Amino acid sequence: MSNDNSLLEYSEIVMKMFNSEDEGFEFYNDYAYEKGFGVRKDYCEWDSGHNEKTLRKFVCSCEGFRAEKHLTREIKMRRSRNITRCGCPAKLVIALDHNTEQWYVKDFIDEHNHSMIEPDLSCFLRSHRRISDEQKAEIVLLQISGIRKHQIMDIMLKRYGGYDRVGFTSRDLYNFLHRNKLQTLSPGDAQTLINYMIVQKRRDPDFSFQYKRDGRGHLTGVLWCDFESQKDYRAFGDVVVFDGTYKTNKYNLPLVPFVGVNHHKSTVLFACGVVAHEDTKSYVWLLRSFSDAMSQKHPVSVITDGDLAMQKAISIVWPNASHRLCGWHIENNIVSNIKDAEVKEGIRCFLYDRCSIEEIEKKWLEFLKKNEVTDKDSWLYQMYERRKVWCAAYHASKRYLGLRSNQRSESLHSRIQFNLDRKMSLVELLQHFDNTVQKLRIRQANLDFEASYKPCLEPDTSIIVNEAAERFTPSVYYADVQYSLKTVSKCFLIEEMDGYNIVEYKVGRVDKGEKQYFVECEICVHEDKVKEISCSCLKLQSLGTPCSHILFVLGLRGESKLPDCCVLERWTMGAKRGFPPTRKSTMYDYSDSVQRYHELHNISQMTSFAASQSLEAYERLKRVLEEEAAMILPNRGEGEGGRKRFGPVLTQGGLDDYAESYNVLDPICVPGRGAPKKKMKSSSDKSNKKCTLCKEEGHNRRTCYLRDEETMLPEDVLDI
């Protein structure tokens with residue numbers, strides 16, 4: 001019976017007719033998948049003019065033998081692959097009939113000299129591994145969304161129901177993404193980056209970017225920011241935090257994001273830069289480029305790490321800005337440079353003590369004398385010399401919005417470095433950075449939505465409390481203002497000194513001992529209302545929210561509303577009034593075909609889920625889709641622009657108006673910070689290495705000719 005079935009199957013195959021060579025290959029490949037072997041294209045013939053194929057031969061993947069040169073090669077860089085070719089005679093030959101323009105079966109041999117692969121393993125044969133166009137589109141979309149390659153593979157396996165149904169392996173996925181990357185970066189990594197920014201500038205004249213090259217044309221620095229970041233800087237650019245982060249790209253160039261804090265006390269990005277050299281000249285260029293992008297608006301205060309080149313650049317470009325070193329870095333330096341616990345605690349006090357400058361200077365002299373600090377090269381004396389950029393007393397009256405360290409920048413760094421590796425190109429870094437920025441903006445949109453509703457307050461709250469809850473954003477109210485309102489009950493009046501239009505109040509707090517605070521009010525005489533108010537604790541000047549002493553005095557005076565001087569506009573929902581937000585990314589160019597695919601995909605996904613709930617709807621939808629597929633798939637073309645596009649791509653364009661932007665070469669890889677890595681003794685001279693088997697030089701145990709003899713087991717050892 002089996003012979004009859006085989007004969008019937010053979011006769012059906014030799015009678016087959018195909019509309020094209022590809023259709024013939026697909027038929028033979030599907031047949032091979034069911035039987036458990038792979039196929040490949042072999043010999044072909046052309047007509048006399050070499051314009052059209054007239055014959056094509058498809059063979060079993062085990063046809064032929066491995067070339068002898070690959071078997072006899074003495075020095076092999078890697079282990080040889082397993083032997084897969086054994087001279088299998090199975091084949092299918094099709095030829096073109098010029099009369100009917102169809103392909104017919106000219107020869108068919110279905111005899112194999114090897115065993116067939118198990119059904120669940122046929123998917124690993126090369127001819128049965130193929131990433132379809134729709135799979136490529138989804139893979140590209142997942143990749144640019146920041147999902148790692150192995151995670152993409154896991155998603156595809158779950159979606160298609162297992163490794164035997166997905167149609168490709170993880171290696172195929174890695175290879176496809178690598179080829180797609182090479183195609184994207186065909187003009188060069190740096191040139192592709194500049195091309196993208198030029199097109200963004202054409203689309204949006206407010207988009208800003210600057211770059212520089214060295215004498216040989218290599219990219220040495222770039223800074224960019226979109227219009228949304230510029231609007232954020234206009235509203236929240238009073239305090240800027242920035243420093244460099246490493247291991248973000250294959251060139252080892254530090255990434256320098258400029259960040260701040262918005263009206264929800266969350267991180268906001270102003271601009272981002274990449275520099276090749278961490279010297280004063282590079283940072284001066286970076287800060288000047290940043291100022292140019294922001295219409296020469298300089299920040300009020302700046303927080304950075306302890307980089308001396310960065311400090312000098314700030315003093316050159318932003319001479320009027322208050323500069324403070326990161327408290328977190330100072331804490332780490334104290335721990336690493338001082339071993340004595342008493343000295344350590346003594347210098348740590350300078351980091352947080354907010355006394356007067358005269359008093360802090362006196363304390364410094366006492367500290368130096370007590371610990372006998374006389375060596376000007378010692379770390380303690382150097383910190384004394386730089387005390388004005390890190391001691392809290394020198395920055396008590398300056399606006400830092402409660403920021404003592406560059407944790408905002410470090411927080412953004414942690415977001416950027418999540419799923420980031422040091423093998424990334426600049427374009428991949430840009431894509432990953434754009435994803436991070438979009439997440440920040442989505443979070444801001446969510447906070448804007450939550451701030452559109454009033455906080456839930458107790459019915460008997462005072463007018464001042466109600467107004468504070470309405471005017472400040474919820475994040476600021478609950479984080480800062482509410483604490484001050486709660487501690488008003490701990491304040492008490494010591495003395496009131498009345499003047500014509502200036503009234504001073506001496507206020508104490510039950511939990512602060514004998515410490516006194518001086519609140520000064522400037523009164524509008526005609527209306528008897530507070531015009532200006534300040535407190536000696538300087539919280540209003542530094543943080544931008546009223547302290548408990550000010551709120552106590554306002555309640556004491558019976559004020560019906562918060563004075564405008566107590567409500568910094570940057571902490572209200574009106575901070576970006578007049579600047580409509582643009583939260584969606586404009587980084588990628590969606591072609592018409594990609595947009596049509598996304599629309600059809602969304603419709604089909606919704607319909608497929610609904611139809612899967614009943615057998616009748618499932619059969620009906622499946623029949624309709626199969627009919628449409630039979631009509632569309634054979635006639636699919638190459639797509640727009642002569643090639644298929646599997647997803648959104650970086651916006652690219654010509655450089656006719658930017659002749660100076662031609663031939664921007666990739667950056668030169670720069671060494672990282674820190675001491676150079678020690679050279680291992682074993683790798684100092686590879687030429688002197690000896691094989692551990694034959695004791696000869698020039699190769700190792702893995703490529704030694706004695707390896708096969710070593711691994712062979714003698715017959716007398718085998719238990720036969």
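His549 sits in helix H21 of this predicted model. Is His549 buried or exposed? It counts as buried, because its relative accessibility is 4%, and the cut-off for buried is under 20%.

**Around His549**

- Skipping neighbours within four places in sequence, His549 is in contact with Cys491, Val507, Arg509, Tyr517, Val519, Cys535 and Cys537.
- Ile550 has its own set of partners, again leaving out neighbours within four places in sequence: Val519, Ile533, Ser534, Cys535, Leu540 and Cys566.
- So which residues turn up for both? Val519 and Cys535 are in contact with His549, and Val519 and Cys535 are in contact with Ile550 too.

**The nonpolar cores**

- In soluble globular proteins, nonpolar side chains tend to be buried together.
- Here, the largest nonpolar core has 68 residues.
- Which residues have the most contacts inside that core? They are Trp224, Phe472, Val519 and Ile550.
- There's also a second, separate core, made of 30 residues, with Tyr233, Val302, Met310 and Val317 among them.

**The second largest pocket**

- This pocket holds about 940 Å³ of space.
- Its lining has 37 residues, and the ones nearest the pocket's centre are Arg354, Cys537, Leu538, Lys539 and Ser542.
- Five elements each supply at least two lining residues: helix H13 (341-352), helix H19 (474-486), strand S15 (516-524), helix H20 (539-542) and helix H21 (548-557).
- Which element gives the most to this lining? That's H19, with three residues.
- By class, the lining splits into 16 nonpolar, 11 polar and 10 charged residues.

**The cavities**

- Rolling a probe the size of a water molecule over the atoms shows where empty space is left.
- How many cavities of 30 Å³ or more does the structure hold? There are two.
- The largest cavity has a volume of about 60 Å³, and its lining is made of Asp232, Thr267, Val268, Leu269, Val437, Leu440, Arg441 and Gln444.
- Strand S10 (267-275) and helix H17 (426-451) each give at least two residues to that lining, with H17 providing the largest share, four residues.
- Sorted by class, the largest cavity's lining has four nonpolar, two polar and two charged residues.
- The second largest cavity comes in at about 30 Å³, and the residues lining it are Leu193, Val222, Trp224, Val274, Leu426, Leu429 and Leu430.
- Strand S7 (219-225) and H17 are the elements that give two or more residues to this second lining, and H17 again has the largest share, this time three residues.
- What classes make up the second largest cavity's lining? It has seven nonpolar residues, no polar ones and no charged ones.
- Trp224, one of the residues lining the second largest cavity, is also among those with the most contacts inside the largest nonpolar core.

**The whole protein**

- Out of 720 residues, 42% count as buried.
- Take the contacts between residues at least 6 apart in sequence: 62% of them join residues at least 24 apart.
- The protein exposes about 41,500 Å², and 51% of that is supplied by carbon and sulfur atoms.

Conventions: Residues numbered from 1 in each chain as written. Predicted model: local features only at pLDDT ≥ 70, side-chain atom pairs only at ≥ 80, totals over all residues. Heavy atoms only, no water. 1 Å grid on protein atoms, 1.4 Å probe; cavity = no way out; pocket = protein on both sides within 12 Å on 5 of 7 lines; lining within 4 Å. Points joined across faces, edges and corners; volume = space filled by probe spheres on them. Nonpolar A, V, L, I, M, F, W, Y, C, P; charged D, E, K, R; others polar. Buried < 20%, exposed > 50% of the residue type's maximum accessible area, 1.4 Å probe, protein only. Contact = heavy atoms within 4.5 Å. Areas by Shrake-Rupley, 256 points an atom, 1.4 Å probe, with all protein chains shown as cover. Core = buried A, V, L, I, M, F, W, Y, C linked by side-chain atoms within 4.5 Å.
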